[in-house]
Amino acid sequence: MPPLCLLFDSDGTLVDSEILLAEVMAEVLSNYDLPFTALRYMREFRGVRFLTIVNTLEQTYGALAPDALEEMENTLRAKMEDRMREQLLPMPGMRDALAALRGHDCAVVSNGPERKVRCAMQSSGLAEFFGDNLFSAYTLKLWKPDPRLYQAAARLMGYPLEQCVVIDDAAVGVQAGLLAGMHVIHFNHFPEHEQTPSGAIAMHHASELPALIAQLSRSLDMPMPHHRDDDEAFS
């Protein structure tokens with residue numbers, strides 16, 4: 001099977017963290033006089049940059065003082081790390097899917113801070129599949145739905161855009177992947193409420209992923225990579 005570069009979102013795609021994040025965000029934002037619920041996060045803001053959520057709420061409830069914003073975000077990050085270490089699990093079937101895809105280079109591309117991404121991978125037991133291939137919007141200063149986040153990750157992984165596959169559950173991530181000119185698999189958890197955009201492939205369970213990647217590889221008819229013999233490998 002020809003190798004592709006697989007670019008995974010983290011929250012809600014690799015790890016089952018969305019409800020944990022929704023609950024923590026509802027608790028922390030409400031404590032800072034920005035009324036918010038876990039349900040609203042799940043319905044409107046999955047995958048959205050934290051500052052964008054805050055700015056949206058401030059339009060209704062009034063602006064926070066700059067020092068309050070920093071304090072609130074630090075509180076949120078600390079509480080979320082605690083919840084992840086205690087409760088975070090991979091998405092059902094994701095570990096087996098990643099094991100079946102070991103022939104492909106894989107990376108995590110997240111709107112979250114790198115520290116949060118690393119905590120998520122370590123807490124869920126998925127770190128072995130990605131190593132240091134972790135790309136954070138906070139490090140690159142590019143946030144989904146800006147396609148340049150995925151494009152930067154592809155460049156740093158050493159792959160052309162057409163050889164990359166984005167796997168993302170959130171609307172902002174799917175949009176970013178499509179605008180980036182990549183193949184996109186929409187991990188659609190709510191098919192009764194969400195429609196997979198034109199140009200993306202719908203997936204409803206992680207167990208479907210290896211077959212979808214194999215299908216993409218065949219459709220691209222890409223040549224197999226050159227394998228060096230032992231003498232070349234150790235010259």
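What covers the buried residues of α6? In this predicted model, the cover over the buried residues of α6 includes α4, β2 (105–110) and β3 (134–136). The helix itself spans residues 114–124, and its buried residues are K116, V117, C119, A120, M121 and S124. After α6 comes G125, whose phi is positive, near 80°.

With neighbours within four places in sequence left aside, M121 is in contact with S10, L14, V15, V108, L126, A127, F130 and L134. C119, for its part, is in contact with E81, a residue that lies in helix α4 (residues 66–87). Is E81 buried or exposed? Its relative accessibility is 7%, and because the cut-off for burial is under 20%, E81 counts as buried. Beyond its neighbours within four places in sequence, E81 is in contact with R115 as well as with C119.

M121 also belongs to the largest nonpolar core, which has 56 residues, and the residues with the most contacts inside that core are F8, L14, L29, M94, M121 and F130. Helix α1 (residues 18–31) supplies the largest share of this core, namely seven residues. Apart from this core lies another one, of 22 residues, which includes L7, A154, V166 and A180.

In α9 (residues 171–179), the residues V172, G173, V174, A176 and G177 are buried, and what covers the buried residues of α9 includes α8 (148–157), β4 (164–168) and β5 (183–187). Just after α9, G181 takes a positive phi of about 80°.

Two packed helices are described by the angle between their axes and the distance between the axes. For helix α2 (residues 38–45) and helix α3 (residues 50–61), the axes come within 13 Å and cross at roughly 110°, which makes α2 roughly perpendicular to α3. The crossing in which α2 passes α3 is right-handed. On the α2 side the contact is made by R40, Y41 and F45, and on the α3 side by I53, T56 and L57. Sorted by class, the contact of α2 with α3 has four nonpolar residues, one polar residue and one charged residue.

Key: Residues numbered from 1 in each chain as written. Predicted model: local features only at pLDDT ≥ 70, side-chain atom pairs only at ≥ 80, totals over all residues. Heavy atoms only, no water. Buried < 20%, exposed > 50% of the residue type's maximum accessible area, 1.4 Å probe, protein only. Helix = DSSP H or I, 4+ residues; strand = E, 2+ residues; numbered from the N terminus. Contact = heavy atoms within 4.5 Å. Axes fitted to C-alpha atoms, helices over the stretch in contact; angles between N-to-C directions. Parallel < 35°, antiparallel > 145°, perpendicular 65-115°, else oblique. Left-handed = near helix turned anticlockwise from the far one by under 90°. Nonpolar A, V, L, I, M, F, W, Y, C, P; charged D, E, K, R; others polar. Core = buried A, V, L, I, M, F, W, Y, C linked by side-chain atoms within 4.5 Å.
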